[in-house]
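Welcome! Please take a moment to look over the sequence and the fold below before reading on.

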Amino acid sequence: MNEFVQIVALSIGISLTATVVAAAISLPVGAALAIFPFRGRRAFVVLINAFFGLPPVVVGLMLYLALSHSGPFGFLQLLFTPTAMIIAQATLAIPIIAALVHRASERAWARYGDELTVDGASRFQAMPQILAIIRADLLTAILAGFGRTVSEVGAVILVGGNIRGLTRTMTTAIALQTSQGDLPLALGLGLVLLFVVLILNVLIGALGGWRMAGERRAGVAA
């Protein structure tokens, strides 16, 4: 039971940290792509959307090569540590959150951009207001990012190594215990992971309904 709790706690902790890191990067990037015009912006947006389905094992392999002793960041000695797993998960979550934030920010900027700039605000000053307007979409994007991180196995097992008590998460433990025939532990962890994903989907659905209701009220008021 202690190992079960430890695996669940470590998995949730790493995924939450990775999601926070990804959100801190993706929120301003997604909003800026919608608000600031610059050469190559459309190509950048296409690239982010392309990375939406980035193969986890490719991310894990690239990070493994970068963090290995012979790699450019090997001196940091991060390979097979929770930090490496956080980097891998955040890398996978960043395109998802940034793409969703960009789409929502683009809609909000098209609707409210003129009003904000007429009132004297610069585009940079308008960013926090746009993010506040799309707060329901932000929560949806962050939850989607967390869903990506908590269910990831390919990248984290490459850079984390699935070390007992240090880097063993729910997904990597399920893969290991299944291969070893320890089905009770694998099933228990699988049920916890399924419950987490179910809760995330319920929250995302509720936030989507909240956003649509808000848009309807705004349309009626207009």
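Which backbone oxygen lies 3.2 Å from a polar atom of the side chain of R168? In this predicted model, the oxygen belongs to N162.

R168 sits in the loop that links α7 (154-160) to α8 (170-180). Its relative accessibility is 11%, under the 20% cut-off, so R168 counts as buried.

What does R168 touch, leaving aside its neighbours within four places in sequence? Its contacts are E3, I7, L10, N162, I163, A173, L176 and Q177.

## Along α8

Two of those contacts, A173 and Q177, are also buried residues of α8, as are M170, T171 and T172. Just after this helix, G181 adopts a positive phi of about 85°.

The largest nonpolar core has 36 residues, and the members touching the most others are I97, V101, I134 and V159. At least two residues come from each of α1 (2-35), α3 (56-67), α4 (82-118), α5 (123-133), α6 (135-150) and α7. The largest share, 13 residues, is supplied by α4.

Apart from its neighbours within four places in sequence, V159 is in contact with G60, L63, Y64, L79, F80, T81, A84, M85 and A88.

There is also a second, separate core, made of 13 residues; among them are L143, A173, L193 and L200.

Key: Residues are numbered from 1 along each chain as its sequence is written. This is a predicted model: local features need pLDDT of at least 70, side-chain atom pairs count only at pLDDT 80 or more; totals for chains, interfaces and linings use all residues. Side-chain values use heavy atoms; hydrogens and water are left out. Helices (H or I, at least four residues) and strands (E, at least two) are DSSP runs, numbered from the N terminus. Buried means under 20% relative accessible area, exposed over 50%, partly exposed in between (1.4 Å probe, protein chains only). A polar contact is a pair of N or O atoms within 3.5 Å; within protein, one must be able to donate a hydrogen and the other to accept it, and residues adjacent in sequence count only if both atoms are side-chain atoms. Contact means heavy atoms within 4.5 Å. A nonpolar core is a set of buried Ala, Val, Leu, Ile, Met, Phe, Trp, Tyr and Cys residues joined through side-chain atoms within 4.5 Å.
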